[in-house]
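I opened the model to look up surface charge, salt bridges, strand pairing and backbone angles. My entries follow in the order I made them.

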Amino acid sequence: MKKTLIIGASNNQERYSYLAAERLIAHGHQIELIGKRQDVIFGKKIDTEKKAFEDIDTVTLYLSEKFQPEYYDYIISLKPNRVIFNPGTENPEFEELLKVNNINVVENCTLVLLRTGRY
């Protein structure tokens, strides 16, 4: 399975980013995690730094638009196949920048995509 980077990861079981990590693993996907606070969930470390992860196919965002600009260059440098903008994270400026860099933009919910077999 292809690797997914969750940006906005959390150890809070009520957050959608936590649920996404749980469901991605349940569906056999490898994950990497970046969040505000270091922690470990599902045996994976939540990093607070922008690491040069290899072979990232998908970046799924759980950050509001106002917190995304500091990640623009970083995400583009990872050369993912696609970036998923989960509900509430839509960002026309960043979406256009991704398209210019030949990165697919998906406005959808990671959990719904997994549940419906369209991930």
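Predicted model: local features only at pLDDT ≥ 70, side-chain atom pairs only at ≥ 80, totals over all residues.

Is Glu93 buried or exposed? Its relative accessible area is 54%, and exposed means over 50%, so Glu93 counts as exposed.

**Positive patch.** A patch of positive charge on the surface is made up of Arg15, Lys36, Arg37 and Lys66. Where does Lys66 lie? I found Lys66 in the loop between strand S5 (56-61) and helix H2 (72-78). With a relative accessible area of 66%, Lys66 is exposed.

**Salt bridges.** Side chains of opposite charge can pair when their charged atoms come close. How many salt bridges does the structure hold? I noted five.

Glu32 forms a salt bridge with Lys3, and the closest N and O atoms of the pair are 3.9 Å apart. A salt bridge is counted within 4 Å, so this pair qualifies at 3.9 Å. The pair links distant parts of the chain, since Glu32 sits in strand S2 and Lys3 in strand S1 (residues 3-9), 29 residues apart. I checked burial for both partners: Glu32 and Lys3 are both buried.

Glu32 also forms a salt bridge with Lys44, with the closest N and O atoms 3.6 Å apart. This pair too links distant parts of the chain, Glu32 in strand S2 and Lys44 in strand S4, 12 residues apart. For Glu32 I read a relative accessible area of 14%; buried means under 20%, so Glu32 is buried. Lys44, at 26% relative accessibility, counts as partly exposed.

I next looked at Lys51 and Asp47, whose side chains meet in a salt bridge at 3.0 Å, N to O. Lys51 counts as partly exposed at 34% relative accessibility. Asp47 counts as buried, at 5%.

Strand S2 covers residues 30-35 and strand S4 residues 44-47; two bridges join them, and the strands run parallel. Leu33 has Ile46 in S4 as its bridge partner.

Do S3 and S4 run parallel or antiparallel? Strand S3 (residues 39-41) and S4 run antiparallel and are joined by three bridges. I noted Val40 standing opposite Lys45 in S4.

**Positive phi.** S3 and S4 make a hairpin with two residues between the strands, and there Phe42 takes a positive phi near 55°. Phe42 is not a glycine, yet its phi is positive at about 55°. I placed Phe42 in the loop between S3 and S4. Its relative accessible area is 35%, which makes Phe42 partly exposed.

Asp55 has a positive phi of about 60° although it is not a glycine. Where does Asp55 lie? I found Asp55 in the loop between S4 and S5. Asp55 is exposed, with a relative accessible area of 67%.

**Thr4.** For the last entry I went back to strand S1, where Thr4 is found. Is Thr4 buried or exposed? At 1% relative accessibility, Thr4 counts as buried. I also took the distance from Thr4 to Ala21: their C-alpha atoms are separated by 9.1 Å, and the two residues are 17 apart along the chain.

Key. Residues numbered from 1 in each chain as written. Heavy atoms only, no water. Patch = residues over 30% accessible without salt bridge, like charges linked within 9 Å, V, L, I, M, F, W, Y side chains within 5 Å. Areas by Shrake-Rupley, 256 points an atom, 1.4 Å probe, with all protein chains shown as cover. Lys, Arg positive; Asp, Glu negative; His and termini not counted. Charge placed at Lys NZ, Arg CZ, Asp CG, Glu CD. Helix = DSSP H or I, 4+ residues; strand = E, 2+ residues; numbered from the N terminus. Buried < 20%, exposed > 50% of the residue type's maximum accessible area, 1.4 Å probe, protein only. Pairing = 2+ DSSP bridges.
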